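User: I'm new to this one and would like to know what the labels rest on. Can we go through it together?

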Amino acid sequence: MSHLKDKVAIITGAARGIGFSIAELFAKAEATVIILDISTELINAAVEKLESVSSTTICGFSADVTDEDRIGEIFKQIIQQYGKIDILINNAGITKDGLLMKMKISDWDAVLNVNLKGTFICTQKVSRLMLKQRHGVIINMASIIGIMGNAGQANYAASKGGIIAFTKSAAKEFASRNVRVNAIAPGFIKTDMTAALSDEIMAKYSDLIPMKRMGNPEDVANLCLFLASDSASYITGQTITIDGGMYM
Ligand code: NAP
């Protein structure tokens, strides 16, 4: 599989979960894969795992996507080393759920900062280069919760809805320079993020999914590979749901 041969791809929040699956598939597709995540220990372990499945170049950085200076430094280093950035996947995300009447301002701020501001910071940092290159692909990880809303997730829903609107605006700004920006809106995917949900809540959600099962991180990675590849060269500004039919 060489769909991404010679492409340089950055994936945020890629030490585990959906981000790791994307990194693994991109490595198999022969991209140079650069992964970012908070924990140095987890990033080093992820780089080691990726190196065991592919002989492509893998590189890891520990970074918080909300740290503008650190992200700027890392992206500069990547450009110096590899000469270009073809693909950015803004995947890092967190939840801090609670009913909005009782939601702490700090929980609102934390979720909006990582999910929405982090996406803005990383996009802004690659945009100058991608516009100059006259090519690039940016994929933002939204959620069906950003389309449907969800009781107990006002902060998360606002951040993901914001990502969808942000994606459309960036797509409009960048389209004439051949830089495509799309969003993916997963439903319920088996990762540590959803493992925290109780069996009762999971059973309730499964009932709402026409396909009667949760998705796997690999399902999302496959969609991401398509959107990042030249097969999707006329698709921009879109939000593609991947949810077993939960939202239609
Ligand atoms: P996950 O298993 O919790 O993985 C997320 C990764 O992002 C973690 O390694 C986390 O590191 C990292 N991260 C968190 N804050 C960060 C920051 N400020 N800077 C850099 N990295 C950071 O989550 P997931 O389920 O794979 O979700 C990935 C993305 O898909 C998220 O944007 C999520 O909202 C979205 N999504 C997930 C689902 C689902 O059902 N799983 C559904 C819809 C959308 P730490 O462990 O150190 O926090």
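User: Where does Asn91 lie?

Analyst: This is a predicted model, and in it Asn91 sits in the loop between strand 4 (87–90) and helix 4.

User: What makes Asn91 count as buried or exposed?

Analyst: Compare its value with the cut-off. Buried means under 20% relative accessible area. Asn91 has 10% relative accessibility, so it counts as buried. Leaving out residues up to four places away in sequence, Asn91 touches Thr12, Gly13, Ile18, Gly19 and Met141.

User: Thr12 is on that list. Which residue of strand 2 does Thr12 stand opposite?

Analyst: That's Leu36. The two strands involved, strand 1 (residues 8–12) and strand 2, pair in the parallel sense.

User: How do you know that strand 1 and strand 2 pair?

Analyst: By counting bridges. Pairing takes at least two bridges between the strands, and strand 1 and strand 2 have 5 bridges.

User: Why is strand 1 called largely enclosed?

Analyst: Because 5 of its 5 residues are buried, the rest of the structure largely encloses strand 1. Val8, Ile10 and Thr12 point one way while Ala9 and Ile11 point the other, and all of them are buried.

User: Let's pick Ile34 from strand 2. Why is Ile34 called buried?

Analyst: Its relative accessibility is 0%, and the cut-off for buried is under 20%. So Ile34 counts as buried.

User: Which residues is Ile34 in contact with?

Analyst: Setting aside neighbours within four places in sequence, Ile34 is in contact with Val8, Ala9, Ile10, Ile11, Cys59, Phe61, Ile78 and Tyr82. To count as a contact, heavy atoms have to be within 4.5 Å. As for Ala23, which is 11 residues from Ile34 along the chain, the two C-alpha atoms are separated by 8.1 Å.

User: Let's move to helix 4. What makes Thr119 buried?

Analyst: Thr119 lies in helix 4 (residues 105–133). Its relative accessible area is 2%, and anything under 20% is buried, so Thr119 is buried. Beyond its neighbours within four places in sequence, Thr119 is in contact with Asn90, Val114, Asn140, Ile163 and Phe166.

User: Where is Ile163, and what does it touch?

Analyst: Ile163 belongs to helix 6 (residues 154–174). Not counting residues up to four places away in sequence, Ile163 touches Asn115, Leu116, Thr119, Asn140, Met141 and Ala142. At 1% relative accessibility, Ile163 counts as buried too. Its C-alpha atom is separated by 9.7 Å from that of Thr239, 76 residues apart along the chain.

User: Asn140 is in contact with Thr119. Which residue of strand 6 does Asn140 stand opposite?

Analyst: Ala183. Strand 5 (residues 136–141) and strand 6 pair in the parallel sense over 6 bridges. Strand 6 also pairs in the parallel sense with strand 7 (residues 239–242), over 4 bridges, where Ile184 stands opposite Ile240.

User: Why is strand 6 said to be largely enclosed?

Analyst: Because 8 of the 8 residues of strand 6 (residues 179–186) are buried, it is largely enclosed by the rest of the structure. Val179, Val181, Ala183 and Ala185 point one way, with Arg180, Asn182, Ile184 and Pro186 pointing the other, and all are buried.

User: Now the whole chain. How do you know that its radius of gyration agrees with a compact globule?

Analyst: For 248 residues, a compact globule would come out near 18 Å, and the protein chain has 17 Å, so the two agree. Along its principal axes the C-alpha trace spans about 50 × 35 × 35 Å.

User: And how many helices and strands are there?

Analyst: The protein chain has 9 helices and 7 strands. Buried residues make up 50% of its 248 residues. Of the contacts with a separation of 6 or more, 75% come from residues 24 or more positions apart.

How values were computed:
Residues numbered from 1 in each chain as written. Predicted model: local features only at pLDDT ≥ 70, side-chain atom pairs only at ≥ 80, totals over all residues. Heavy atoms only, no water. Buried < 20%, exposed > 50% of the residue type's maximum accessible area, 1.4 Å probe, protein only. Rg over C-alpha atoms; globule rule 2.2 N^0.38 Å.
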